[in-house]
Amino acid sequence: WQRALGAPESELPGLSGAQKDMARRFGVKEADYARSYLAGIYAQNRMRGRGERLGSMAADILDALGPEYAVMAVIGEMFEERWTLRIQKGQERIFDVVLERGFVDDLLDSGLAGYRSDLKNRILKGLGREELAERS
């Protein structure tokens with residue numbers, strides 16, 4: 001929000017007719033509505049980047065299991081406080097590995113090896129490959 005608040009008016013996104021109408025209905029200046037919209041764009045881009053980083057980490061883990069495993073999607077469900085890794089094994093099976101949002105935040109923000117190891121174990125367990133998980 002702070003980044004959008006500090007953006008010069010020349011960098012604010014143009015508003016559609018419907019958005020301008022909504023701003024008028026709420027008694028909000030168009031520039032303020034545009035800042036709010038810009039903050040939403042920034043947040044969406046930030047979450048997309050986090051999802052890409054999580055997907056990349058998961059893909060690295062799956063590479064060690066063999067070419068039959070692939071990350072098909074990374075789904076951020078922020079209202080549910082979770083991320084879901086959709087992983088496909090060959091043509092036969094799709095697994096959804098659900099990770100708590102707090103865990104993913106810690107993983108991405110800390111960069112600590114312990115969280116990466118925990119991610120690996122969670123993915124392996126989600127794939128039914130517990131025998132490959134590290135014992136703790």
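This is a predicted model: local features need pLDDT of at least 70, side-chain atom pairs count only at pLDDT 80 or more; totals for chains, interfaces and linings use all residues.
1. Helix span. The expected span of a helix is 1.5 Å times one less than its number of residues. With 14 residues, α5 should span 20 Å, and its end C-alpha atoms lie 20 Å apart, so the two values agree. The helix covers residues 113-126.

2. What follows α5. Just after this helix comes G128. Its phi is positive, at about 75°.

3. Buried face of α5. Which residues of α5 are buried? They are L119, N121, I123 and L124. The buried residues of this helix pack against α3, β2, β3 and α4.

4. L119 in detail. Setting aside residues up to four places away in sequence, L119 touches L54, M57, I61, L85, L99, F103 and L107. L119 also belongs to the largest nonpolar core, where it is listed among the residues with the most contacts.

5. The largest core. This nonpolar core holds 23 residues. Those with the most contacts inside it are L54, L85, I87, L99, L119, I123 and L127. At least two core residues come from each of α3, β2, β3 (93-100), α4 (101-110) and α5. Which element gives the largest share? It is α3, with six residues.

6. A second core. There is also a separate core of seven residues. Among them are A4, A7, A34 and L38.

7. R50, a charged side chain to inspect. R50 sits in helix α3, which runs over residues 30-63. Is R50 buried or exposed? Its relative accessible area is 7%, and buried means under 20%, so R50 counts as buried. What does its side chain pair with? The side chains of R50 and D109 are joined by a polar contact of 3.0 Å. Beyond its neighbours within four places in sequence, R50 is in contact with W83, V104, D105, L108 and D109.

8. E81, a backbone point. E81 lies in the loop between β1 (69-77) and β2 (82-89). Its phi is near 60°, a positive value in a residue other than glycine. The relative accessible area of E81 is 46%; exposed would need over 50% and buried under 20%, so E81 is partly exposed.

Definitions and conventions. Residues are numbered from 1 along each chain as its sequence is written. Side-chain values use heavy atoms; hydrogens and water are left out. Helices (H or I, at least four residues) and strands (E, at least two) are DSSP runs, numbered from the N terminus. Buried means under 20% relative accessible area, exposed over 50%, partly exposed in between (1.4 Å probe, protein chains only). A polar contact is a pair of N or O atoms within 3.5 Å; within protein, one must be able to donate a hydrogen and the other to accept it, and residues adjacent in sequence count only if both atoms are side-chain atoms. Contact means heavy atoms within 4.5 Å. A nonpolar core is a set of buried Ala, Val, Leu, Ile, Met, Phe, Trp, Tyr and Cys residues joined through side-chain atoms within 4.5 Å.
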